[in-house]
Amino acid sequence: MLFIPSRARFKKGLAAGLLAGFLGLGSLLASPPGTAQGLPPEVDALLARAKVPREALAAVVVDAAPALNGKSAPLLSWRANAAMNPASVMKLVTTYAGLELLGPSFTWNTPVYVDGPIANGVLAGNLIIQGKGDPKLVMERLWLLLRRVQGLGIKTITGDILLDRSAFAVSMQNPADFDGEPLRPYNVGPDALLINYKTLVMTFTPNPASGSATVSVEPPLAGVQLPGTVPLTGQPNSGAAPAECWDYRALLKADFSDPLRVAFNGSYPMACGEKTWTVAYPDPGRYAERAVAGMWQEMGGRLDGQVREGAAPPGQKPAFEMVSPTLTEVIRDINKFSNNVMAQQLFLTLSLAAGQQAGPASNEASRELVRSWWQARLGEQDLPLLDNGSGLSRLERVSPQGLARLLQTAYVSGAMPELMASLPIIGVDGTLKRNRSRVSQGWAHLKTGTLRDATALAGYVHTPSGRRLVVVAIINHPNAPAARPALDALVDWAVKEGGR
């Protein structure tokens with residue numbers, strides 16, 4: 001269920017963290033914030049190769065728990081107090097704040113109300129689904145929700161299915177605003193009733209005998225048509241996928257201009273085998289109603305009315321509540337796979353759960369909340385500049401020193417196991433699964449981030465000697481993505497404890 005802490009309890013939580021926060025500020029306060037240490041030669045060389053000046057990098061390598069081993073001086077501090085755009089590394093702030101303010105066992109609930117009598121399989125009235133920010137109401141869980149509705153004895157609804165999405169302030173942002181790519185799933189915006197991340201999952205399966213590839217789509221969206229097949233081209237794959245498979249989406253010549261009729265004006269390469277393509281639905285505001293209507297129809301349910309916006313009946317007890325996975329599970333998805341919309345759902349939930357605003361939860365309220373939490377937990381220094389909490393922003397800023405202090409504080413907190421376990425492991429899983437470093441593989445839990453002009457990483461490095469280090473590195477420059485190898489080299493250097 002959705003846990004709504006009282007203002008008194010919320011303030012008590014902040015106060016309880018205040019002393020521990022100041023005691024755990026870490027070694028960075030013991031050293032001048034801009035200590036001019038030289039960069040490792042291999043890092044310097046890779047920056048030069050990427051045509052990125054040294055001044056575009058800001059980095060810190062420091063003990064995770066300096067008070068425990070008496071090593072207060074950072075191994076490296078390079079422009080550590082520079083305010084930088086951290087890209088998706090900003091998710092560390094959101095997820096750690098969530099663990100401390102909400103608790104690792106926090107769950108979201110989605111209440112379902114029945115407004116009318118039920119007899120002989122018929123609900124003579126409306127069904128109401130109230131969204132409260134669940135970031136993981138995926139297709140399978142929507143099916144379970146509607147299956148529970150049928151478990152109430154409802155097969156036909158004579159009224160409407162009402163969707164209450166009022167818990168979050170409606171975002172007016174166009175999905176194309178950030179980078180002109182509205183169909184990219186990473187651009188999906190938050191929603192109090194976020195269903196399946198507002199995406200279409202299309203699977204293409206070649207059938208050489210018919211000369212076509214079958215097209216299947218999930219979830220079923222009411223009123224949305226897609227072709228059942230697309231023509232095949234080329235020959236079956238006899239080994240490694242040919243170059244054309246890297247661009248099969250372009251070869252399909254998909255047309256998403258009409259949200260109710262998706263078309264493919266090209267063909268699908270036979271050599272690609274089965275592929276899955278996930279896109280953000282081009283009419284996100286209508287996605288939830290079409291997904292609910294489509295799923296209800298596919299499950300054999302009948303709806304005499306329509307699916308539309310509505311409000312939950314005040315004071316009425318819900319028939320049941322759909323409960324989400326725990327916050328611990330959710331932040332694994334957020335950090336392991338850098339899920340932007342889930343991070344934004346969590347960010348908005350912080351102000352929703354605190355109940356400090358009169359209206360719906362908003363980014364403005366959550367920004368103020370996280371700022372207050374940071375001040376109580378880490379002090380006035382290194383306050384981050386937050387936008388939506390996901391890092392998908394040109395505005396967000398934080399210093400490597402601030403992130404390092406946050407990670408040091410987290411390391412000696414009760415939330416450390418959950419936070420560290422949520423981070424990708426180099427060469428093992430998540431966004432770092434394909435990293436092939438021979439030095440760092442398996443030795444680092446790191447959150448990474450990349451934007452057009454920013455690349456970053458931050459997290460924990462474990463050394464063969466048993467030492468635990470915090471590593472933070474951010475590059476802001478037009479060539480930043482090309483300099484990712486320089487950051488990988490810094491992690492390798494940290495694993496070797498600076499070559500000591």
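**His 462.** I looked up His 462 and found it buried at 10% relative accessibility; buried means under 20% relative accessible area, exposed over 50%, and partly exposed in between, with a 1.4 Å probe and protein chains only. The model is predicted, so I kept to its limits: local features need pLDDT of at least 70, side-chain atom pairs count only at pLDDT 80 or more, and totals for chains, interfaces and linings use all residues. Residues are numbered from 1 along each chain as its sequence is written, and side-chain values use heavy atoms, with hydrogens and water left out.

His 462 sits in strand E20 (residues 454-462). Helices (H or I, at least four residues) and strands (E, at least two) are DSSP runs, numbered from the N terminus. I noted a polar contact between the side chains of His 462 and His 445, at 3.0 Å. Such a contact is a pair of N or O atoms within 3.5 Å; within protein, one must be able to donate a hydrogen and the other to accept it, and residues adjacent in sequence count only if both atoms are side-chain atoms. With neighbours within four places in sequence left aside, the contacts of His 462 (heavy atoms within 4.5 Å) include Met 420, Trp 443, Arg 467 and Val 495.

**Backbone.** I then checked phi and omega. Ala 87 has a positive phi near 55° and is not glycine. Ala 87 lies in the loop between strand E2 (76-78) and helix H4 (91-102), and is buried at 0% relative accessibility. Glu 497 also has a positive phi, about 55°, without being a glycine. I placed Glu 497 in the segment after helix H13 (484-495); at a relative accessible area of 13%, Glu 497 is buried. The peptide bond from Glu 218 to Pro 219 is cis, with omega near -10°. Pro 219 belongs to the loop between strand E10 (212-218) and strand E11 (229-233).

**Sheet.** I traced an open sheet of four strands in the order E4-E5-E7-E16, with mixed pairing. Strands pair if DSSP finds at least two bridges between them. Strand E4 (118-119) and strand E16 (302-303) are the edges, each pairing on one side only. E5 (residues 122-123) and E7 (residues 156-157) run parallel over two bridges, and Val 122 stands opposite Thr 156 in E7.

**Cores.** The largest nonpolar core has 59 residues, of which Leu 407 and Tyr 460 touch the most other members. Helix H9 (residues 340-354) gives the most to this core, eight residues. A core here is a set of buried Ala, Val, Leu, Ile, Met, Phe, Trp, Tyr and Cys residues joined through side-chain atoms within 4.5 Å.
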